[in-house]
Every structure is written in structure tokens, then in C-alpha cells.
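This briefing goes through the strands, sheets and ring pairs of one model. Please keep the sequence and the structure in view while reading.

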Amino acid sequence: KLDSGKNIVYTAYSSEAREDNKYELDINIPVINIDNKVAAEFNSITQELFANKTAGVIDNAKAYTIYSISYTGYVNGDILSVIIKSTLKEGSNAQRTIVETYNYNLKTEKKVSIYDALNKKNITQDALNSKVKTVIKDANKIQLTGYETYSRDINSDIYNIENIETFFFGEDESLYVLFPYGNNKFTSEMDIVKF
């Protein structure tokens, strides 16, 4: 551990700040308390995506901004999964939901890939592909009913296994594969594939 007095994942920064006409924050940013290169890489991503954005909002919000960050974590066998979720509403832009996940093997001290996750659950790549396509097709059917939804391209590379980075093992040991479109677009929509 980096800090022997703290849990394996703990809140490094927390704020419920509000400044009239500038911002409203509800922030809880985690640190993975493991002293190695993989955990340092995870913590660096957290710093870049969430802590730097928080500092930017506080220092120079251009439009009224509502920003929240929360996280949770699970240990299933040797695998630690940490999920960070944020919602960001800047001025008149649509609200975004941004999700980052980290999966770490406590025994091997390595990052867990989607392939490792599939192997752990005895899920074939074909089974994942099939279930992802079903979820995307179902989401696109909703759009046909007239509801305005995020437009999904079933042929997009984001659905290819080698590009899947956002997944975790939940408290029920289920594998959740996420497609949080708000990571790159102004939307809060996401698709979740559960095994």
C-alpha cells in the first residue's frame, strides 16, 4: 500500500462546493492505494480525467457548471474493480455521464483485460459479440418509436472486443460491459451488457 493506514481504495479529494452563477460540485475522487506501476497508471488517469476537470471548473468555469463524481469498488476473488462515474452539465450543453473503470488482479499485480474478464467468467468472444449486438439493436429500436435517443452505429469499432475498456465485476460477481457514450459525446446514455 501507498498509505498503510488507509483502505485499498479511498477518497483522496471530496468537495460539496457551490459558488453562485459559477458552479455546483459534489465530488468524491478516489485513489487506488497500491504501490506499483499499474495502480499509478490508474491514479494518473483519474487525475487527468476527473481531478484536473474539477480544478478547471473551480478556477475558470465559463458557464454555470454542475459536476458530480462518485465511485464504488468491488473485490471478486483476486480482482479489484473500481468504477468512477461523473455527470457534467456545462451551461446549455446537454448533460454528459462519464464512466471510467479499472480492473486489477491483486494476485498477479496486473491490469485485467476484457479477455481476462471473459476467461474468468467462461464467456466466449462470440457470446459477448452476440449479446452486445442484441443490446445495441434493442436500443436502436427505441429510437424508432420516436423517442430521442443517442444514435448507435452497430458497425462502430467501439463494440469490437479489442476496444472494450469499460467493464467491471460487480458485487454479485457478474461481469458488466459498459458503453458510456458520454465519455466522448454530450449525452448521458450508455448501454450495459451483463453476464
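Rings of Phe, Tyr and Trp (its six-membered ring) pair if their centres lie within 6.5 Å; planes under 30 degrees apart count as stacked, over 60 as edge-to-face and the rest as tilted. By this rule, ring pairs link Y74, F168 and Y176 into a cluster. The model is predicted: local features need pLDDT of at least 70, side-chain atom pairs count only at pLDDT 80 or more, and totals for chains, interfaces and linings use all residues. Residues are numbered from 1 along each chain as its sequence is written, and side-chain values use heavy atoms, with hydrogens and water left out.

**Aromatic pairs**

- The count of aromatic pairs comes to 5.
- One of them joins F42 and Y102, which are stacked at 4.6 Å centre to centre with 25 degrees between the planes.
- F42 lies in helix α1 and Y102 in strand β6 (residues 96–105), so this pair ties together parts that are 60 residues apart in sequence. Helices (H or I, at least four residues) and strands (E, at least two) are DSSP runs, numbered from the N terminus.
- F42 is buried at 2% relative accessibility, and Y102 is buried at 2% relative accessibility. Here buried means under 20% relative accessible area, exposed over 50%, and partly exposed in between (1.4 Å probe, protein chains only).
- The rings of Y74 and F168 are stacked, because their centres are 6.3 Å apart and their planes stand at 15 degrees.
- That pair links distant parts of the chain, with Y74 in strand β4 and F168 in strand β8, 94 residues apart.
- Y74 is partly exposed at 22% relative accessibility, whereas F168 is buried, with a relative accessible area of 11%.

**Charges over rings**

- The charged end of K6 sits over the ring of Y10, 5.0 Å from its centre. The rule asks for NZ of Lys or CZ of Arg within 6 Å of the ring centre and within 35 degrees of the ring normal.
- R96 lies over the face of F186, at 5.4 Å from the ring centre.

**Strand β3 and its partners**

- Strand β3 (residues 23–32) has 7 of its 10 residues buried, so it is largely enclosed by the rest of the structure.
- Strand β1 (residues 9–15) pairs with β3 in the antiparallel sense over 6 bridges, and V9 stands opposite I32 in β3. Two strands pair if DSSP finds at least two bridges between them.
- Strand β2 (residues 18–19) pairs with β3 in the antiparallel sense over 2 bridges, and R18 stands opposite E24 in β3.
- β2 and β3 form a hairpin with 3 residues between them, and N21 in the turn has a positive phi of about 60 degrees.
- β3 pairs with strand β4 (residues 65–76) in the parallel sense over 5 bridges, and the bridge partner of L25 in β4 is Y67.
- From β3 the chain crosses through helix α1 (residues 37–60) to β4, a β-α-β crossover that is left-handed. A crossover is right-handed if, with the strands pointing away from the viewer, the path from the first strand over the helix to the second runs clockwise.

**A12 in strand β1**

- A12 is found in strand β1 and is partly exposed, with a relative accessible area of 46%.
- The C-alpha atoms of A12 and I29 are separated by 5.8 Å, although the two are 17 residues apart along the chain.
- Leaving aside neighbours within four places in sequence, A12 is in contact (heavy atoms within 4.5 Å) with I29, P30 and V31.

**The sheet β8-β9-β10**

- An open sheet of 3 strands has the order β8-β9-β10, with antiparallel pairing.
- β8 and β10 (190–194) stand at the edges, each with a single partner strand, so one side of each is left without a neighbour in the sheet.
- Neighbouring strands of this sheet are turned by 20 degrees against each other on average, direction ignored. Axes are lines fitted to C-alpha atoms, for helices over the stretch in contact, and angles run from 0 to 180 degrees between N-to-C directions.
- The antiparallel strands β9 and β10 are joined by 5 bridges, and P180 has M190 as its bridge partner in β10.
- Helix α3 (residues 125–144) packs on the sheet, touching β9 and β10, and its direction makes about 140 degrees with that of β10.

**S174 in a loop**

- S174 is in the loop between β8 (167–169) and β9 (175–180), and it is buried, with a relative accessible area of 9%.
- Neighbours within four places in sequence aside, S174 is in contact with K121, F168, F169, K194 and F195.
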